[in-house]
Amino acid sequence: MAIGVLDGNVTAWGLHAGATGSFDMFKARLAGAYFRDDILNQSKFHGLVSGEAAFDMFKIALSGEYQRKDVNGAITDGYGIGGSVGATVTEGVSLNLGARYFNLGTNAGTTVNEGTTQVSAQLVAAVTETIKITGEIGAYFNNTTLPAAPGTDTNVYYGAAELAWAPGGGFTSSV
């Protein structure tokens with residue numbers, strides 16, 4: 001991706017690359033992205049590695065990530081780890097439990113070592129061969145990355161629902 005190609009003055013560009021390898025019941029993914037903006041004098045990098053293993057009715061996944069942003073020499077960096085386990089409860093119904101932790105090591109050049117933990121539970125049900133309903137509840141704890149008034153609870157709780165339709169032919173739709 002490049003901004004300014006048509007006028008011959010590229011001022012910002014970015015790239016993303018990834019690879020997935022499947023080996024019997026194991027899957028590994030590696031991805032990275034880089035963005036550079038010369039006008040704002042900033043660059044960003046984000047890398048991710050994950051592994052997944054599927055056993056009969058269970059699926060286990062682990063991931064790790066790293067990010068770095070440089071704005072005029074002020075570095076913001078952080079890392080994260082995550083894990084999930086999924087189980088097929090009955091035919092067409094599965095339950096997924098996950099958690100992740102992200103630590104913001106530096107923010108604009110200042111060491112902060114602030115961490116946020118997310119936990120979630122998700123239920124997926126195939127109503128028909130083409131319709132799937134997904135519900136999720138979760139929370140972010142010790143969320144120091146969102147602004148909050150002094151003395152207020154920085155925990156964030158959420159719920160989500162999705163109705164998906166995949167009639168075939170590569171067409172999918174969801175709300």
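These legends accompany close-up views of a predicted model. Residues are numbered from 1 along each chain as its sequence is written, and side-chain values use heavy atoms, without hydrogens or water. Local features need pLDDT of at least 70, side-chain atom pairs count only at pLDDT 80 or more, and totals for chains, interfaces and linings use all residues.

**Figure 1. Confidence along the chain.**
Strand β3 (residues 26-37) has the highest confidence, at a mean of 97. Strand β8 (residues 110-126) has the lowest, at 89. Strands here are DSSP runs of E, at least two residues long, numbered from the N terminus. Where pLDDT is low, the predicted coordinates should not be read in detail.

**Figure 2. The open sheet of eleven strands.**
The order is β1-β2-β3-β4-β5-β6-β7-β8-β9-β10-β11, with antiparallel pairing. β1 (2-3) and β11 (171-174) stand at the edges. Each has a single partner strand, so one side of each is left without a neighbour in the sheet. Two strands pair if DSSP finds at least two bridges between them. Strands of a sheet pair through backbone hydrogen bonds, either parallel or antiparallel.

**Figure 3. The β8 and β9 pair.**
β8 pairs with strand β9 (residues 131-141) in the antiparallel sense. Ten bridges join these two strands. T117 stands opposite F141 in β9.

β2 (12-23) and β3 run antiparallel. Twelve bridges join them. G14 has F35 in β3 as its bridge partner. The hairpin has two residues between the strands. D24 lies in this loop. Its phi is positive, about 55°, although D24 is not a glycine. Most residues other than glycine have a negative phi. D24 counts as exposed, at 85% relative accessibility. Buried means under 20% relative accessible area, exposed over 50%, and partly exposed in between (1.4 Å probe, protein chains only).

**Figure 4. The hairpin of β3 and β4.**
β3 and β4 (42-55) pair in the antiparallel sense over twelve bridges. R36 has S43 in β4 as its bridge partner. The hairpin has four residues between the strands. N41 sits in the loop between β3 and β4. N41 is not a glycine, yet its phi is positive, about 50°. N41 is partly exposed, with a relative accessible area of 33%. F45 is found in strand β4. F45 counts as partly exposed, at 37% relative accessibility. F45 and A33 are twelve residues apart in sequence. Their C-alpha atoms are 5.6 Å apart in space.

**Figure 5. Salt bridges.**
A salt bridge is a side-chain nitrogen of Lys or Arg within 4 Å of a carboxyl oxygen of Asp or Glu. By this rule the count is three. D38 pairs with R36, with the closest N and O atoms 3.1 Å apart. D38 is partly exposed, with a relative accessible area of 45%. E52 meets K59 at 3.9 Å, N to O. E52 is partly exposed at 22%, and K59 is partly exposed at 42%. D77 meets R68 at 3.7 Å, N to O. D77 counts as buried, at 16% relative accessibility, whereas R68 is partly exposed at 36%. Side chains of opposite charge can pair when their charged atoms come close.

**Figure 6. The largest pocket.**
The largest pocket has a volume of about 300 Å³. Its lining holds 22 residues. A61, L62, S63, G83 and S84 lie nearest the centre of the pocket. The elements that give two or more residues to the lining are β3, β4, β5 (58-71), β6 (74-90), β7 (93-107) and β8. By class, the lining has six nonpolar, eleven polar and five charged residues. Ala, Val, Leu, Ile, Met, Phe, Trp, Tyr, Cys and Pro count as nonpolar, Asp, Glu, Lys and Arg as charged, and the others, Gly among them, as polar. On a 1 Å grid over the protein atoms alone, where a 1.4 Å probe fits, a pocket is an open set of points with protein on both sides within 12 Å along at least five of seven lines. Lining residues have an atom within 4 Å of a point. Grid points are joined across faces, edges and corners, and a volume is the space filled by probe spheres set on the points.

Key: pLDDT = per-residue confidence, 0-100.
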